[in-house]
Amino acid sequence: MTHLLLLAPVVVPALGAVIYALAGWRRATAWVSAASAALVLATAIATSAAVVNDDPHTVLAGLLRVDALSAFMLVVIGAIAFLATAATPDHLRTEIIAGRASSRTAARHCLLVQLFLAAMALAVLAANLGMLWVAVEATTIVTAFLVGQRRTRPAVEAAWKYVVICSAGIALALLGTFLLNYASQHTAPGAGLNWAELAASAHTLDPGVTRIAVVLLIVGFGTKAGLAPLHAWLPDAHSQAPAPVSALMSGVLLSVAFYAILRVKVIADAALGTGFARTLLVVIALASLALSASLLLAQRDYKRMLAYSSIEHMGLLALGAAVGGRLAIAAVLLHILGHGLAKSVLFLGSGHILQITGTSRIDQVRGLAARQPVLAGCFGLGVLALIGLPPFSLFASELGIARAGFTAGLGWAMAAALVLVLVIAAALVTHTSRMVLGAAPDGPGAATASPRMNVIAGAALVVGLLACAAIGVTTGPLHPLLSLAADLLAGTP
Amino acid sequence: MNALGVIGGVLQFVLVVAGSPFLVGVMRQVRARLEGRAGAGIGQPWRDLRKLLRKESITPRGTSEVFRIAPLVLVATTVVVAIVAPFVTTASAVDSVADLFAVVALLALGTVALALAGLDTGTAFGGMGASREMTIIALVEPTLLVSIFALSVRVGSTNLGAIVTSTLQDPARVISPVSLLAAVALVVVIIAETGRLPVDNPSTHLELTMVHEAMILEYAGRDLGLVEWASAMRLTAFLGLLANLFVPWGIATAATPVALLAGVAAFVIKVVLLGVLLSAGEVFLAKLRLFRVPELLAGSFLLSLLAVTASFFLAQPH
Amino acid sequence: MSHDLYVQLLDLACGVLLLTAVLVLWRRELAVIIRVFALQGLALAALVAVLAAHEGSIELGAVAVGILVLRAGVLPALLRRALAAAGEERRETRPLVNVASSLLAAAVLTLLGYAVSQPLVALAPSPATQAVAVGMTVVLIGFFVLVTRRRALSQLVGFLLMDNGITAVGFLTTSGVGLVVELGVSLDVLLAVLVLQILTTRMRATFGDTDLDELRELHD
């Protein structure tokens with residue numbers, strides 16, 4: 001039974017990919033994608049229940065392993081994938097009608113998205129660092145063509161930058177992986193790169209080698225998580241990818257890469273003391289926040305605006321991870337889920353806005369509320385969620401990170417971060433209010449398009465926001481899972 | 001100073017002084033044949049020298065003593081190197097001078113003297129040649145030092161004789177990455193230093209490209225003869241160093257007639273072989289544009305640096 | 001195999017690895033760069049083969065053959081195909097840092113690689129770990145090529161150079177990280193190169209060029 005549960009998140013999307021490869025894009029297959037994501041979500045919830053009541057499981061000769069943290073990440077993947085894939089058929093249909101895509105492109109899109117899901121599930125289920133690396137690099141490969149799907153100049157450019165920067169960054173992580181393997185083979189032969197055994201024997205690792213390995217791993221996976229200094233691919237890729245893919249990339253892919261950093265930090269803390277990884281992460285976090293603040297102020301493209309906001313939130317996650325401790329880690333995990341939900345709603349919404357207005361420039365979108373009340377409402381509320389207003393869960397998690405930070409003696413870093421977050425919030429609200437509020441323009445383009453939103457696509461946005469708000473009010477059934485995962489990462493049960 | 005060193009010194013002096021014009025002759029002949037010409041024969045450089053040495057030397061108006069002394073300095077430094085370096089025997093006539101730094105400094109001194117003389121003439125060509133030569137030498141000398149230094153690291157001595165001896169004792173050392181990197185670097189700098197293609201073309205007087213020829217444009221008669229002779233000897237010395245640092249076999253280690261004879265024969269064969277290879281290579285090369293030259297030299301400097309780091313960070317056999 | 005011979009061959013393979021990395025930085029003709037890259041793949045395979053012979057490991061020997069096929073055969077062939085499609089653009093014309101300066105930069109990178117690998121050598125001194133500095137240097141030079149070159153193909157070679165260096169470090173420090181992971185890594189690299197090759201083709205179709213200076217649409 002557990003075998004089946006563990007394999008399902010990888011196998012189901014892979015089967016979905018096979019279906020798309022064989023059957024192509026047609027009426028019957030349009031919803032296969034969403035169905036597979038729903039299955040992933042269901043198995044994720046079942047796995048979580050199993051993990052809460054039981055010990056971690058390993059299957060496939062120790063290649064896959066699930067503990068509370070993996071189960072939580074699976075829930076994140078499942079939930080956001082469900083939202084994104086539910087909105088996909090409508091998105092693709094509109095694109096095909098507009099002549100920007102063919103049914104072949106649509107089939108390939110769905111196939112790659114399924115593979116993308118499988119790779120991400122594999123990444124969080126991998127029992128060792130090597131498998132995790134392979135899975136994360138696989139996500140780069142399968143999403144490359146999704147980013148470049150439209151084949152326009154900017155799309156090809158974004159895809160090139162995406163693959164080159166991410167592959168180079170992740171190559172650093174591979175080097176770090178090899179070095180960690182070297183250190184572990186030297187002190188604890190046989191442990192290899194297995195998470196559980198590495199964490200258990202981490203205190204014996206040679207500090208000199210581990211230090212280099214940890215820097216490489218954090219910078220390397222940080223590239224994929226969109227953290228400074230190798231963040232340059234993120235705004236381009238997020239702004240050029242089709243909306244559902246942007247939602248997945250921003251909502252889950254970044255978090256999956258961040259998951260790797262969380263795992264590495266456990267080992268780093270045991271081997272080198274908490275100070276080393278903390279300093280590194282604080283520097284990276286503040287750099288990411290400062291960067292996104294400076295580039296958000298004068299942003300002219302709303303998809304890029306959302307992308308920079310993702311960099312901001314990854315920075316906040318890094319800050320939370322730097323603080324460490326149960327409260328901060330639980331807040332970080334909650335933030336991952338909350339940000340994923342809010343950001344995917346926003347990217348899906350921005351996809352609709354793009355399809356309706358035909359432009360991604362902020363100054364060319366005016367009076368959205370008057371034309372598309374539901375869409376504008378979701379977009380506006382999503383931005384409010386993003387800047388951390390209650391009742392959305394990002395309020396609770398940002399508060400948690402800040403409180404833990406001040407308690408842990410990182411007051412100066414937290415103060416700097418808060419100032420930057422305020423600047424970012426101001427920028428986001430200003431840009432968004434310009435788009436959403438005001439009278440509908442009567443210039444050219446205003447009369448051409450105002451199709452009604454597809455019911456299911458609209459429902460995806462509303463459900464996402466509701467979920468984000470719900471976990472903000474109470475973590476409810478997630479609570480035992482979160483606290484177990486936090487125990488796992490904070491080191492002290 | 002021992003007997004072997006003294007005999008070797010005398011032999012090397014005779015060989016280099018008398019033989020170097022023949023080396024140039026051989027190289028020109030090879031090149032001529034490869035280009036389908038009959039060639040002037042290998043004795044032609046000697047005939048040229050004889051003609052030049054008989055002529056009166058003329059110094060341009062306004063030049064100082066520097067101009068007159070430069071050829072003598074050039075010849076003197078080269079002759080000292082020819083005597084002390086381990087060409088025919090591993091022992092040296094003046095052991096303390098057969099040092100890496102001393103030899104490189106002597107060779108550089110000659111070049112600098114010539115460059116000063118080029119400046120001293122006050123003509124456009126002399127100045128241009130001198131400035132170009134200085135550009136080249138700024139990268140050549142460090143490379144020369146660093147690459148031979150890489151070889152000396154494992155020996156633990158910068159004495160050239162000691163380096164050659166230790167290579168003789170441990171032949172496997174020749175195929176180590178240190179030797180290979182240093183060899184490539186040395187070949188490049190020797191080509192640059194002796195003014196061969198692709199850095200400089202010894203047989204052209206095209207003002208846009210010449211380096212060495214531009215510096216000595218104002219010399220005539222005896223002085224020109226000395227400069228030409230010294231250039232030939234420098235070429236021989238450089239090729240001899242290259243040969244013996246990497247392929248020292250045949251060099252005399254004892255003062256017996258057979259060993260010395262073998263040493264002389266090995267030296268002549270190695271140097272002539274290298275010269276033939278060099279001139280054959282030149283047939284297929286075009287001259288590099290002047291501002292691409294630093295690129296070539298920076299590359300060879302990098303290689304020599306890699307050789308030194310490799311000699312520190314790679315494991316040594318045994 | 002005697003210890004001396006092992007060390008000799010190991011050092012030789014490392015020397016070639018380093019030399020080829022420098023040559024990639026040095027030469028401008030893309031065709032030559034690809035040939036040099038293939039030579040480096042050969043050296044890497046030889047390195048692993050020497051380690052395999054030293055440890056008497058058949059599995060490692062098989063890995064060496066795999067590396068030979070992938071890095072000296074398949075990847076260069078892919079690059080050549082990309083180059084053949086490139087038409088006129090066969091030279092790296094204007095790198096961001098000129099060649100002489102980048103060679104001097106490589107000298108600095110060598111020293112950096114040496115410094116970084118000191119803790120690694122200290123952990124378990126042996127001929128193999130002492131050569132780790134070479135792998136590190138190749139990684140650094142590869143990163144440098146990736147950052148400073150403007151032709152798509154040169155960037156690709158830079159990425160692969162990094163990857164060769166990382167593989168060398170991996171095998172010099174330990175004899176691998178498990179077969180499944182190694183296969184996964186190789187497959188990922190191969191696929192990444194395939195993806196990038198297809199992207200170069202598309203870039204040419206949309207830009208008419210693979211000079212990355214053309215990538216100016218997206219910026220803030």
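Is Arg151(A) buried, exposed or partly exposed? In this predicted model, Arg151(A) turns out to be partly exposed, because 14 other C-beta atoms sit within 10 Å of its own, a count that falls between the 12 or fewer of an exposed residue and the 20 or more of a buried one. Arg151(A) sits in the loop that runs between helix H5 (129–147) and helix H6 (153–187) of chain A. Most residues other than glycine have a negative phi, and most peptide bonds are trans.

The peptide bonds of chain A hold some exceptions too. Ala228(A) and Pro229(A) are linked by a cis peptide bond, with omega at about 5°. Pro229(A) belongs to the loop between helix H8 (207–224) and helix H9 (233–240) of chain A. Another cis bond links Pro390(A) to Pro391(A), this time with omega at about 10°. Pro391(A), too, is a loop residue, found between helix H15 (373–386) and helix H16 (393–407) of chain A.

Stepping back to chain A as a whole, the chain has 19 helices and two strands. Its radius of gyration is 21 Å, close to the 23 Å that the globule rule gives for 493 residues, so chain A is as compact as a globular protein of that length. Along the principal axes, the C-alpha atoms of chain A fill a box of roughly 70 × 55 × 40 Å. Of the 493 residues, 65% count as buried. Among contacts in chain A with a separation of 6 or more, 81% come from residues 24 or more positions apart.

Gly78(A) gives a close-up of the chain A interior. This glycine is part of helix H3 (residues 68–97) of chain A and counts as buried, because it has 24 C-beta neighbours inside 10 Å. Setting aside neighbours within four places in sequence, the contacts of Gly78(A) are Ala37(A), Val40(A), Leu41(A) and Ala44(A). As for Leu117(A), this residue is 39 residues away from Gly78(A) in sequence, while the C-alpha to C-alpha distance between them is 8.6 Å.

How do the chains meet? Two pairs of chains touch, and the pair with the most contacts is A and C. Chains A and B, by contrast, share no contact, and their closest C-alpha atoms lie 17 Å apart. Between chains C and A, the contact takes 38 residues from each chain. On the chain C side, helix H5 (118–123), helix H7 (132–148), H8 and helix H9 (179–207) each supply at least two residues. H9(C) provides the largest share of that side, 14 residues. By class, the side of chain C that touches chain A splits into 26 nonpolar, seven polar and five charged residues.

Within the pairing of chains A and C, one helix pair can be followed in detail. Two packed helices are described by the angle between their axes and the distance between the axes. For H6(A) and helix H8 (residues 152–173) of chain C, the axes come within 9 Å and cross at roughly 5°. The two helices are therefore roughly parallel to each other, since angles under 35 degrees count as such. From H6(A), the contact draws on Val164(A), Ser167(A), Ala168(A), Ala171(A), Leu174(A), Leu175(A), Phe178(A), Leu179(A) and Tyr182(A). H8(C) contributes Gln155(C), Phe159(C), Met162(C), Asp163(C), Ile166(C), Val169(C), Gly170(C) and Thr173(C). Sorted by class, the residues of this contact come to twelve nonpolar, four polar and one charged.

Chain C also meets chain B, with 24 residues of chain C in contact with 21 residues of chain B. Helix H1 (3–26), helix H4 (99–116) and helix H6 (127–130) of chain C are the elements that give two or more residues to the chain C side. H1(C) gives the most, with eleven residues. That side of chain C has 18 nonpolar, four polar and two charged residues.

For chain B, an unreviewed UniProt entry lists several stretches as "transmembrane region", including residues 100–122 and 134–154. In the model, residues 100–122 of chain B are 91% helix and 0% strand, with end C-alpha atoms 34 Å apart. Residues 134–154 of chain B are 100% helix and 0% strand, and the end C-alpha atoms of that span lie 32 Å apart.

Terms used: Residues are numbered from 1 along each chain as its sequence is written. Chains are lettered from A and ligands numbered from 1 in the order in which they are written. This is a predicted model: local features need pLDDT of at least 70, side-chain atom pairs count only at pLDDT 80 or more; totals for chains, interfaces and linings use all residues. Helices (H or I, at least four residues) and strands (E, at least two) are DSSP runs, numbered from the N terminus. Two residues are in contact if their C-beta atoms, placed from the backbone, lie within 7 Å. Ala, Val, Leu, Ile, Met, Phe, Trp, Tyr, Cys and Pro count as nonpolar, Asp, Glu, Lys and Arg as charged, and the others, Gly among them, as polar. Axes are lines fitted to C-alpha atoms, for helices over the stretch in contact, and angles run from 0 to 180 degrees between N-to-C directions. Angles under 35 degrees count as roughly parallel, over 145 as roughly antiparallel, 65 to 115 as roughly perpendicular and the rest as oblique. UniProt positions are given in the numbering used here, feature names are shortened, and annotations may be inferred rather than shown by experiment. The radius of gyration is taken over C-alpha atoms; the globule rule is 2.2 Å times the number of residues to the power 0.38.
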